[in-house]
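Q: Please take a close look at the side-chain pairings here, both between rings and between charged groups. How is each kind of pair defined, and where do the partners sit?

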Amino acid sequence: PILSTEPLKDMPRIYGLASDLISHTDAQLDRHIIANHLNEYQSVEALTMGELWAMPLMLRIALIDYIRRLTDQMIQWLREREAADFWANRLLAAARLDPDNLFFFLAELAREEPEPSEHFAFHLTGQLFGESAVLVQVKSWLERKPTGSIVDGALREQVRQVAHHTSIGNAI
């Protein structure tokens, strides 16, 4: 049977079931979790013998897709980290060579990163730690953004990183 609704429209129903199981368990699977999930599903609608036979393969495919999505997020965060490193180096160089130019570079940063992510802010401030002249200006700029408090953002970023690493470990 094929699914008729989004987001898995036109995919096999058993793939949708496997994908749903992985997303609800954060890819932490064992024999009992899988059996319970299949039993719960079949209490509403029976699966065919072919679907039950295909379940192990669909779980593998869904896990690979889950890992792909996690790595896509990691690539995005690596790009943000590179941008944060780039801007930290520019700001530090400006502060050391000509402190009056610091505001020019901050304005350029604000134009290029109008809505910095918590990941970007976390790494930017981390690179500037110990350089109070620059760090104070950057924190002042970041505090005016919708993400809010730098401390709260750093805590959320750390929690997100731990959860991401856990998800990857579960999937592998």
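A: Two rings of Phe, Tyr or Trp (for Trp, the six-membered ring) count as a pair if their centres lie within 6.5 Å; the pair is stacked with planes under 30 degrees apart, edge-to-face over 60, and tilted for the rest. Two aromatic pairs are found in the structure. One joins F86 and W87 edge-to-face, with 5.5 Å centre to centre and 80 degrees between the planes. F104 and F105 make an edge-to-face pair because their ring centres are 5.4 Å apart and their planes stand at 75 degrees.

The model is predicted: local features need pLDDT of at least 70 and side-chain atom pairs 80 or more, while totals for chains, interfaces and linings use all residues. Numbering runs from 1 along each chain as its sequence is written, and side-chain values use heavy atoms, with hydrogens and water left out.

For burial, a 1.4 Å probe is run over protein chains only: under 20% relative accessible area is buried, over 50% is exposed, and in between is partly exposed. F86 is partly exposed at 45%, whereas W87 is buried at 2%. Likewise F104 is partly exposed at 46% and F105 is buried at 17%.

A salt bridge needs a side-chain nitrogen of Lys or Arg within 4 Å of a carboxyl oxygen of Asp or Glu. The whole structure has nine. Helices are DSSP runs of H or I with at least four residues, strands are runs of E with at least two, and both are numbered from the N terminus; the protein has seven helices and zero strands.

R13 and E45 form a salt bridge at 2.7 Å, N to O. R13 is in helix 1 (residues 13-25) and E45 in the loop between helix 2 (31-42) and helix 3 (49-97), so this pair ties together parts 32 residues apart in sequence. R13 is buried at 8%; E45 is partly exposed at 42%.

E118 and R156 meet at 2.4 Å, N to O. Because E118 lies in helix 5 (residues 118-127) and R156 in helix 7 (residues 150-171), their bridge ties together parts 38 residues apart in sequence.

In helix 7, R160 and E157 are three residues apart, about one helical turn, and their salt bridge is 2.2 Å, N to O. E157 is buried at 2%, while R160 is partly exposed at 22%. R160 also lies over the face of W77, 3.5 Å from the ring centre; this requires NZ of Lys or CZ of Arg within 6 Å of the ring centre and within 35 degrees of the ring normal.
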